Amino acid sequence: MPPQDTPGPARPGPPPTAVCVGESMAVLLPDRPGPLEAVDTFRLSVGGAESNVAGALAGLGVPTAWISRVGDDGFGRRLLAEVAARGVDVSGVTVDPHRPTGLYLKEVGGATGHRHDLGPGRSRLHYHRRGSAAAALSPALLTDPAAARLLAGARLLHLSGITAALSDECLALLRALLADRRPGRLVSFDLNWRPGLWRDRDPAVLPPLLDAADLLLLGADEAQAAFGTDEPAALRRRFPSPATVVVKDAARLVTALERDGTVIAEPALAVEVVEATGAGDAFAAGYLAGTLHGLDQRRRLRLGHLAAACALTAHGDQADLPPAPVVTALLDASPADWAATRVTAAAITSPALPTSPTLPAAPALPTSPALPAAPARAE
């Protein structure tokens with residue numbers, strides 16, 4: 001009898017508030033900055049947009065599950081263990097006995113003088129994920145008992161455009177999840193444009209997916225590459241159905257545009273960048289946690305900025321927020337004090353805080369209350 005798929009570790013208790021669906025991979029991190037050909041050793045870690053968001057949400061006090069597939073290999077076991085260690089429910093992850101866990105290598109820029117060095121503060125990801133276990137995700141997931149339980153109880157479902165690029169089956173799963181509208185469940189969708197994944201696939205499938213979400217997250221540079229514009233108002237017109245479209249202009253500004261015409265923009269914090277990877281996922285988690293905790297739009301954007309800033313000052317894809325009083329003070333800061341805030345790996349300094357520097361430390365937010373009913377969609 002051939003080996004069969006097996007579910008991930010069971011987890012008792014009520015279903016999590018948030019569910020993130022998508023691929024994560026083993027990651028090989030270089031022991032030094034510079035081009036790959038100059039690196040001698042690598043450290044094994046794990047990463048992926050949806051599990052990054054899941055881990056950050058869990059760290060922000062939102063009970064969260066991650067649903068995916070991994071290979072029956074050491075990389076898959078490492079991935080399950082590390083994501084679970086972040087407090088994420090992995091009971092909806094299937095172990096595939098035939099397909100491998102995806103893998104990527106991270107290249108970190110430095111000041112080595114090598115002609116292929118990316119430069120300080122820059123990084124590049126090299127993917128080896130074709131034919132991975134997660135590429136076999138399909139609408140059959142909806143009938144899997146463990147995944148169905150998690151999806152049925154979720155008040156937030158988070159998806160990304162990466163999944164659509166992995167295979168026809170993954171694309172069909174996204175379409176099925178977006179078509180499965182449930183009262184009180186908010187569906188967020190992050191474009192997460194990865195041009196390398198679309199070389200052999202048609203990105204024209206993306207716009208209908210994005211427009212089917214309740215909350216749409218767009219990186220301005222990614223939107224420019226994928227749709228030919230990074231202008232928030234133009235993107236709002238391009239995607240009229242979501243209740244909110246959030247356009248992230250990296251280190252400058254993030255703009256939230258409501259369907260009723262309300263526009264709120266909030267500048268990014270000044271950050272001394274250690275490594276750029278993971279900031280977009282951290283912003284998404286902060287913004288989504290703020291949504292689940294009932295914060296107003298400006299504070300949601302600020303919590304996203306703060307989470308992204310902490311990620312930018314840490315190695316790897318995950319970083320803790322500072323203590324709750326610091327977070328509260330920054331979310332409530334005046335525009336001038338917010339603009340004067342600076343985040344480094346050593347401290348957060350701001351006129352809104354006590355005079356002594358504040359080191360990033362523990363998770364910040366209390367247990368999330370019930371999410372308000374999802375807003376009505378434009379048909």
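Start with everything shown: of the 379 residues in the protein, 54% are buried, meaning under 20% relative accessible area with a 1.4 Å probe, protein chains only (exposed is over 50%, partly exposed in between). Before you zoom in, note that this is a predicted model, where local features need pLDDT of at least 70 and side-chain atom pairs count only at pLDDT 80 or more, while totals for chains, interfaces and linings use all residues. Residues are numbered from 1 along each chain as its sequence is written, and side-chain values use heavy atoms, with hydrogens and water left out.

Switch to cartoon. You'll find twelve helices and 18 strands; these are DSSP runs numbered from the N terminus, helices being H or I with at least four residues and strands E with at least two. Among contacts (heavy atoms within 4.5 Å) with a separation of 6 or more, 71% join residues 24 or more positions apart.

**Stop 1: a helix pair**

Select 297-312, helix α10, and 324-331, helix α11: their axes come within 9 Å and cross at roughly 130°. Here axes are lines fitted to C-alpha atoms, for helices over the stretch in contact, with angles from 0 to 180 degrees between N-to-C directions. That angle makes α10 oblique to α11, since under 35 degrees counts as roughly parallel, over 145 as roughly antiparallel, 65 to 115 as roughly perpendicular and the rest as oblique.

Now show side chains. From α10, Arg 299, Arg 302, Leu 303 and Leu 306 meet Val 327, Leu 330 and Leu 331 of α11.

**Stop 2: the buried side of α11**

Which residues of α11 are buried? Pick Val 326, Val 327, Leu 330 and Leu 331. They sit on the same side of α11, because they cover an arc of only 130° around the axis, taken from the directions from the helix axis to the C-beta atoms.

**Stop 3: Gln 297**

Back in α10, select Gln 297. With 11% relative accessibility, Gln 297 counts as buried. Leaving out residues up to four places away in sequence, Gln 297 touches Thr 244, Ala 256, Glu 258, Ile 264 and Tyr 287.

**Stop 4: Asn 192**

Finally, jump to the loop between β11 (186-190) and α6 (206-211) and click Asn 192. Asn 192 isn't a glycine, yet its phi is positive, about 45°. Is Asn 192 buried or exposed? Buried, at 7% relative accessibility.
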